[in-house]
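Dear colleague,

I am passing on the structure below, and I would be glad if you could look through it alongside the notes that follow.

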Amino acid sequence: MSFVSLVAGSYEKSVFGFDITGLSGGEKIEIVPTFITTSHESPIRCVAANGDVLVSGGQDDIVKVYDLARRVQRISLMKHSGTIAAVKFSGNYLLSAGEDGVIAVWRMSNWECVREMKGHKHPIITMEVHPTGKALISLDSDRTLILWNLITGKKAYSGRISLPVVGEKAQWAPEPTNLFGMIHKTAIGLYDGSTAQLVSTFNHARTVLAFAWLTSETFASAGEAQSISIWNISQKSTPIHILPGHQARVKDISVVPGMNGRFFSSISTDGVIMVWENSDSVKSSTPPEIVAQTTTTARLTCLTTTTFETLKLVKKEERLEGEEEVLELKPLAAKPRLSIKVDGVELIDQKNKKIPVGFKLKQPKQEVKEEEVFEQPELMEEDDRDTAAVRSVPAKKKAKSKE
């Protein structure tokens, strides 16, 4: 059985795990919660996955490694002296980039740091591995872009990008297009992968925070505008689709691997996660549509999706040698169910449906004196993260009759 896993990091230091079911067709597509773990001591800046191996990087200068198939946290990697800005996989290696300007190369078989790639004099903001695994681009806060040869571990190119705004996220286009895209505040810049020269610019009205290639010819972008824009690289004046859905800033977009860009997911700062289905045709007039959605109680910061074949849950006594200190991932806690009944009829549930006017309510698990009559509940205002609560407002007490 193949699993499609979606993982999101948060400002609240937690990593949320979900399975996306039904993508193969014939079933309803759902986002099923699987775990939540608070393993970092500071907000999480980045997540990445390769099969059943998941890593997260935080502002606590640490990279955490998890086993998604066994649902355990394996090890903490400590090499950097600053916030972890990016984590990426390349073959049998993991690369981590920090605000200390260093790119650490970790061998996945034993999680030993086998190389430190030093070339930046300023904090690294983003990095991305070429689809072939043979090249890497990295960008720092001084707008210095380095193209690395991962076979030799040496620089192939180094120079400052031409756009005056610092890049924030970079991603290579799928082959055969030899391009990479980069966010520049209110624009997406496309660069030649061989020369690192700017090829074209896609301007946005508001700040861009998320960017992902869907195919070699199309990409998605989003940010403070809340909607997601779909672009074709041959038509840079306007997006081919604008997708409403999110009600807050979109922080990240991730494409489900191995499905040719058909499905992608997005997260926003109000904790909402959406899965979208994209048309098979690049030039289709039919826009992508939301096929599944869920909500967390966190301010989400980063996102990744991955696939793996087997779930291998283990008991504590079955852990591998050297995993004594590993923490099991906690099951994702369900939202508290809010329920009020009158004469056995439920009037409000976890979806916060409104209660009909005129009912006299009696809340379970709460002692109510006979002389108190409860009026229509007053709905509290809903903030941008938590589910709305309901409280009943007592009316004035009836005067007790004197005997």
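**What was found**

Strand β21 (residues 218-223) and strand β22 (residues 228-232) run antiparallel and are joined by five bridges, where strands (E, at least two residues) are DSSP runs numbered from the N terminus, and two strands pair if DSSP finds at least two bridges between them. Within this pairing, W231 in β22 stands opposite F219.

Please bear in mind that this is a predicted model, in which local features need pLDDT of at least 70 and side-chain atom pairs count only at pLDDT 80 or more, while totals for chains, interfaces and linings use all residues. Residues are numbered from 1 along each chain as its sequence is written, and side-chain values use heavy atoms, with hydrogens and water left out.

β21 and β22 belong to an open sheet of four strands with antiparallel pairing, in the order β20-β21-β22-β23. Because β20 (208-213) and β23 (241-243) stand at the edges with a single partner strand each, one side of each is left without a neighbour in the sheet.

Another open sheet of four strands, also with antiparallel pairing, has the order β8-β9-β10-β11, and its edge strands are β8 (84-90) and β11 (112-118), each of which pairs on one side only. Inside this sheet, β9 (residues 93-98) and β10 (residues 102-107) pair over five bridges in the antiparallel sense, and L94 has W106 in β10 as its bridge partner.

As for the protein as a whole, it has 32 strands and zero helices, and 49% of its 403 residues count as buried, that is, under 20% relative accessible area with a 1.4 Å probe, protein chains only.

With kind regards

Conventions:
Buried < 20%, exposed > 50% of the residue type's maximum accessible area, 1.4 Å probe, protein only.
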